[in-house]
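Subject: Structure handover

Hi,

Here is the structure I promised to pass on. Please open it first, then read my notes below.

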Amino acid sequence: MPLELITEAEARTLLHPHLPALSACFEGAWEDWQELEPALVSKAPQYRTTSRANLMYDLLVSRIQKEFEDTPGVTFTSSRGLFTLTFDSRLVIRFKKFRSKALKTSQIMTLQQRRLAKQELDLGLNATTVVAGYLLDALGTKLKKLAVVCPLNGENVWEIDLHDEANGGLAGVAMLPTPDSGAPKPAVRSRKPQIEPQAEME
């Protein structure tokens, strides 16, 4: 059964000391990608956006591991292609690329993904699984938005803007309508040469 979702207030309190580091990891990984892109363009001018997303993911995970490896209360795991960062056994973060301004992600709906969508992944914890991700501009040349979102049944219950929060702002948290799952709902309390890649596949 779905566990009680973490509230945006609890999530923000838990993540507040770490938001600048999370934001810096995304920005650093994007800079790493920009350094590598010319070599990729020279070999494969029509590279797929999935190639960019996959490499960006690897660069990001590498930075996340280095940044948080000695942070008290923070652990990370990697199993069956799923890398997560866990804060105080209460909040589990996955890392993804957002596909639209609605901050939705693309994935093959395996059993694992379906359980994640319903907040039913058995982690042996009373933990909520959220997504930290990035959205690119229309040309795919810069990071347009960084955010942490709490997904449930295809919709985001709340979102935290990493740029605003990392810079000390308080306006980056937005409560969104709770999606109708048709089942008992968890308690949620408010509180370089430019090469145009092929269509998005990830």
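A salt bridge here is a side-chain nitrogen of Lys or Arg within 4 Å of a carboxyl oxygen of Asp or Glu. Keep that in mind for the charged pairs below.

First, the ground rules. This is a predicted model, in which local features need pLDDT of at least 70 and side-chain atom pairs count only at pLDDT 80 or more, while totals for chains, interfaces and linings use all residues. Residues are numbered from 1 along each chain as its sequence is written, and side-chain values use heavy atoms, with hydrogens and water left out.

**Layout**

The protein has five helices and seven strands. Both come from DSSP runs, numbered from the N terminus: helices are H or I with at least four residues, strands are E with at least two. Read from the N terminus, the order is α-α-α-β-β-β-α-β-β-β-α-β.

Look at helix H2. H2 has 25 residues and spans 36 Å from first C-alpha to last, close to the 36 Å expected at 1.5 Å a residue. The expected span is 1.5 Å times one less than the number of residues. H2 also has a kink of about 35° at leucine 36, shortly before proline 38. That bend is the angle between axes fitted to the seven residues ending there and the seven starting there.

**Salt bridges**

How many salt bridges does the structure hold? There are four. Three of them follow.

- Glutamate 159 and lysine 145 meet through their side chains at 2.9 Å, N to O. Glutamate 159 is in strand E6 and lysine 145 in strand E5, 14 residues apart. Glutamate 159 counts as buried at 13% relative accessibility; lysine 145, at 21%, counts as partly exposed. (Buried means under 20% relative accessible area, exposed over 50%, partly exposed in between, with a 1.4 Å probe and protein chains only.)
- Glutamate 10 pairs with arginine 90, and their closest N and O atoms are 3.0 Å apart. Glutamate 10 sits in helix H1 and arginine 90 in the loop between E2 and E3, so the pair ties together parts 80 residues apart in sequence. Glutamate 10 is partly exposed at 30%, whereas arginine 90 is buried at 13%.
- Glutamate 155 and lysine 104 form a salt bridge at 3.5 Å, N to O. Glutamate 155 lies in strand E6, lysine 104 in the loop between E3 and helix H4 (111-117), and 51 residues separate them. Glutamate 155 is partly exposed, at 38%.

**The core**

Buried residues make up 44% of the 202 residues in the protein. A nonpolar core is a set of buried Ala, Val, Leu, Ile, Met, Phe, Trp, Tyr and Cys residues joined through side-chain atoms within 4.5 Å. The largest one has 42 residues, and Leu22, Ile64, Leu85, Phe87, Ile93, Phe95 and Trp158 touch the most other members. Several elements supply at least two residues each, including helix H1 (8-15), helix H3 (49-68) and strand E2 (82-87). H2 gives the largest share of this core, nine residues. Apart from it lies another core of six residues, among them Leu103, Val131, Leu135 and Ala147.

**Aromatic pairs**

Rings of Phe, Tyr and Trp (its six-membered ring) pair if their centres lie within 6.5 Å; planes under 30 degrees apart are stacked, over 60 edge-to-face, the rest tilted. A search of the whole structure finds six such pairs.

Phenylalanine 26 and phenylalanine 95 form a tilted pair, 6.2 Å centre to centre with 50° between the planes. Phenylalanine 26 is in H2 and phenylalanine 95 in strand E3, 69 residues apart. Both are buried. Ring pairs also link Phe26, Phe76, Phe83, Phe95 and Tyr134 into a cluster.

Phenylalanine 68 and phenylalanine 87 pair edge-to-face, at 6.0 Å and 85°. Phenylalanine 68 belongs to H3 and phenylalanine 87 to E2, 19 residues apart. Phenylalanine 68 is buried at 1%, and phenylalanine 87 is buried at 1%.

Which residues does phenylalanine 87 touch, not counting residues up to four places away in sequence? They are Leu14, Leu15, His18, Phe68, Gly73, Val74 and Ile93. Contact means heavy atoms within 4.5 Å.

Best wishes
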